[in-house]
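Let's take a walk through this protein together, starting with the whole chain and ending with single residues. Have the viewer open and follow along as we go.

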Amino acid sequence: MVQSRTHNCNELNEKNAGERVRIVGWMQNLREVSNSLAFLVLRDFYGITQVVVEDAETLQKVRAVKRESTLAVEGTVRLRSSVNPNIPTGKIEVVPDSVEVLGLCTENLPFEIEKSLEVSEDMRLSYRFLDLRNPKVKNKIIMRSKIVAALRAAMTEQGFIEITTPILTCSSPEGARDYLVPSRIYPGKFYALPQAPQQFKQLLMASGFDRYFQIAPCFRDEDARADRSPGEFYQLDMEMAFATQEDIFAVLEEVLPPIFSKFGKYPAAKGPFRRISYREALEKYGSDKPDLRIKAVLEDLTDFNDVGFAPFEGKTIKAIVVPVFDKTRKFIDTLAADFEKNTGSKMFWCKLDNGELTGGVAKFLAPRKDEFIEKLHLANGSAVFMVAENGNAVYKPAGVMRNMLGNAIESLSEKNKYEFCWIVDFPMYEIGEESGQLEFCHNPFSMPQGGMEALEKQNPLEILAYQYDLVCNGIELSSGAVRNHSPEIMLKAFDMVGLTKEDVIAKFPALYHAFSFGAPPHAGIAPGVDRMVMILLDEPNIREIIPFPMNKNAKDLMMNAPAEVSEKQLDDVHIRIKQEKQA
């Protein structure tokens with residue numbers, strides 16, 4: 001133990017009775033019984049210890065001190081007459097000879113430390129240093145540290161070496177907005193904070209390193225969500241030389257299940273994880289992030305879009321069958337209202353009772369009842385929920401419908417486990433919603449399946465890429481790919497989206513030139529550390545597992561960032577603020 005204390009506040013037990021000790025920590029509570037008797041609870045990082053004040057002089061001293069002041073207590077350990085079985089130190093107490101104030105709390109607390117989870121998030125984040133004193137909050141950060149340490153150990157055991165890559169780099173198209181850093185030395189030019197170490201890890205492979213990883217900080221100027229922190233996040237970044245897609249899968253199937261089993265609440269599926277093509281994921285689950293704990297899959301009822309029901313006419317129809325449905329009409333109406341609020345689409349339904357279709361859209365399907373029952377293999381007591389939209393627009397609301405039913409009806413899902421899957425065979429290209437032009441669907445550095453021949457001979461929208469996502473319980477943990485390491489294939493791939501050789505060399509000079517000197521085939525992936533911890537701690541909000549998060553509006557309320565800077569600072573980096581015109 002360090003010299004300032006002989007023991008921590010979670011360490012003393014009945015074996016220490018009679019010993020003289022020195023403990024330090026925060027004064028969590030003071031309960032006075034009389035003018036000469038009080039019980040003081042001292043809390044440090046490790047736990048709490050009860051201190052019994054039995055003289056008026058010491059009581060007067062601690063009475064004058066506000067809670068959350070830091071104290072040093074020297075005294076003797078004795079057995080408690082009333083044991084507290086709920087804490088490790090519940091069999092002893094410390095009778096002080098001296099109490100020293102180490103750090104005085106001079107302000108009124110904005111909230112009770114033990115009740116910080118009950119106040120608004122903005123209040124918690126404004127006083128995050130107090131919020132983190134709450135053991136329930138602190139323990140999440142401790143668990144995060146243990147999970148990261150386990151990931152590091154597992155990757156090292158797999159033969160990977162940890163290499164840190166630059167934070168100040170160049171702007172690169174990674175799918176989100178960059179954070180830009182103006183240069184003082186080069187007026188009008190900017191560094192960018194890396195959205196990911198993508199190019200650097202590929203350059204490491206071209207440099208002759210075989211297996212790289214790091215717990216990498218990534219910076220993206222994007223809006224917050226429950227599962228996405230604005231500004232910065234961390235990922236388990238990895239890359240392998242002379243590797244295929246299956247090599248990447250094998251590593252993570254070895255690394256992740258033991259960590260999820262050790263730190264999570266539930267059993268974790270072991271490798272090999274299920275492989276699902278992107279197209280199959282949309283058809284069966286309505287999402288490329290399927291939650292495999294939900295047993296129901298989407299059924300196609302497009303053949304029934306001509307039954308005379310206007311919302312079905314000419315539409316693509318997807319359905320979920322609930323084999324045993326015992327919920328009320330109120331349940332259905334509430335679910336349908338929530339579904340429409342979340343998706344903008346309407347949910348339709350019917351039931352099979354005693355051989356007859358009832359409720360909802362049953363009367364429109366009745367003329368084709370036998371065909372409907374046979375197609376869905378319906379049994380008495382089952383229900384069918386449906387959504388209809390034009391073409392591919394049906395997938396998103398159908399996926400939401402599947403998740404809502406799976407979460408609301410216990411018989412449809414098995415929640416107490418971790419289910420992983422790989423989503424594979426992503427399209428290489430797509431037509432951009434805003435541009436109307438051919439664009440990369442995901443990572444532009446991916447190898448097309450079929451290589452140069454596919455680029456030259458196939459319809460671009462039919463070309464598949466060696467890209468893959470790792471999904472756990474309906475949450476995307478990571479995207480990865482086999483990289484395009486051939487300069488010729490790279491140039492052709494970018495040419496198809498309108499970028500010339502000169503454009504490619506200007507945007508990616510290091511990669512292009514490195515690949516021109518003999519690059520190995522390589523592949524990689526980068527599971528999100530924050531999301532992993534979020535899943536393992538069963539936290540619905542990612543900000544709960546980050547030590548100092550921004551709020552949902554991308555503000556650091558504790559540090560008051562972003563903030564204005566002085567004119568001199570702006571002059572140093574050759575920046576002038578553009579004033580918004582008044583309306």
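Accessible areas here come from the Shrake-Rupley method with a 1.4 Å probe. On that basis the chain exposes about 29300 Å², and carbon and sulfur atoms supply 50% of this area. Please keep in mind throughout that you are looking at a predicted model.

Let's stay with the overall picture for a moment. The C-alpha atoms fill a box of roughly 90 × 75 × 60 Å, taken along the principal axes. Within the chain you can pick out 17 helices and 22 strands. Of the 583 residues, 48% are buried. If you take the contacts with a separation of 6 or more, 65% of them are between residues 24 or more positions apart.

Next, the domains. The chain is divided into domain 1, covering 14–103, and domain 2, covering 294–412. Taken over C-alpha atoms, the centres of domain 1 and domain 2 are separated by 63 Å.

Where does UniProt place the feature "binding site"? The unreviewed entry lists Glu174, Arg220, His442 and Arg483. Let's look at one of these, Arg220, in its surroundings. Arg220 lies in strand S9, which runs over residues 211–220. Leaving out residues up to four places away in sequence, Arg220 touches Ala176, Arg177, Tyr179, Gln195, Ala196, Gly231 and Phe233.

You will find Ile161 in strand S6, made up of residues 161–162. Which residues does Ile161 contact, apart from its neighbours within four places in sequence? They are Phe209, Arg211, Tyr212 and Phe213. Phe213 is 52 residues away from Ile161 along the chain, yet their C-alpha atoms are separated by 6.0 Å. Is Ile161 buried, exposed or partly exposed? Ile161 has a relative accessibility of 40%, so it counts as partly exposed; the partly exposed class lies between under 20% for buried and over 50% for exposed.

A cis peptide bond joins Gly271 and Pro272, with omega at about 0°. Pro272 sits in the loop between helix H6 (245–263) and strand S11 (274–277). Another cis peptide bond, again with omega at about 0°, joins Ala561 and Pro562. Here the loop is the one between helix H16 (529–536) and helix H17 (567–572), which holds Pro562.

Glu68 is not a glycine, although its phi is positive at about 75°. You can find Glu68 in the loop between helix H1 (56–63) and strand S4 (70–79). Glu68 counts as buried because its relative accessibility is 5%.

The other residue is His574, which is not a glycine either and has a positive phi near 60°. To reach His574, go to the segment after H17. With a relative accessibility of 40%, His574 is therefore counted as partly exposed.

Note on methods
Residues are numbered from 1 along each chain as its sequence is written. This is a predicted model: local features need pLDDT of at least 70, side-chain atom pairs count only at pLDDT 80 or more; totals for chains, interfaces and linings use all residues. Side-chain values use heavy atoms; hydrogens and water are left out. Helices (H or I, at least four residues) and strands (E, at least two) are DSSP runs, numbered from the N terminus. Buried means under 20% relative accessible area, exposed over 50%, partly exposed in between (1.4 Å probe, protein chains only). Contact means heavy atoms within 4.5 Å. Domain bounds come from an automatic or database domain assignment. UniProt positions are given in the numbering used here, feature names are shortened, and annotations may be inferred rather than shown by experiment.
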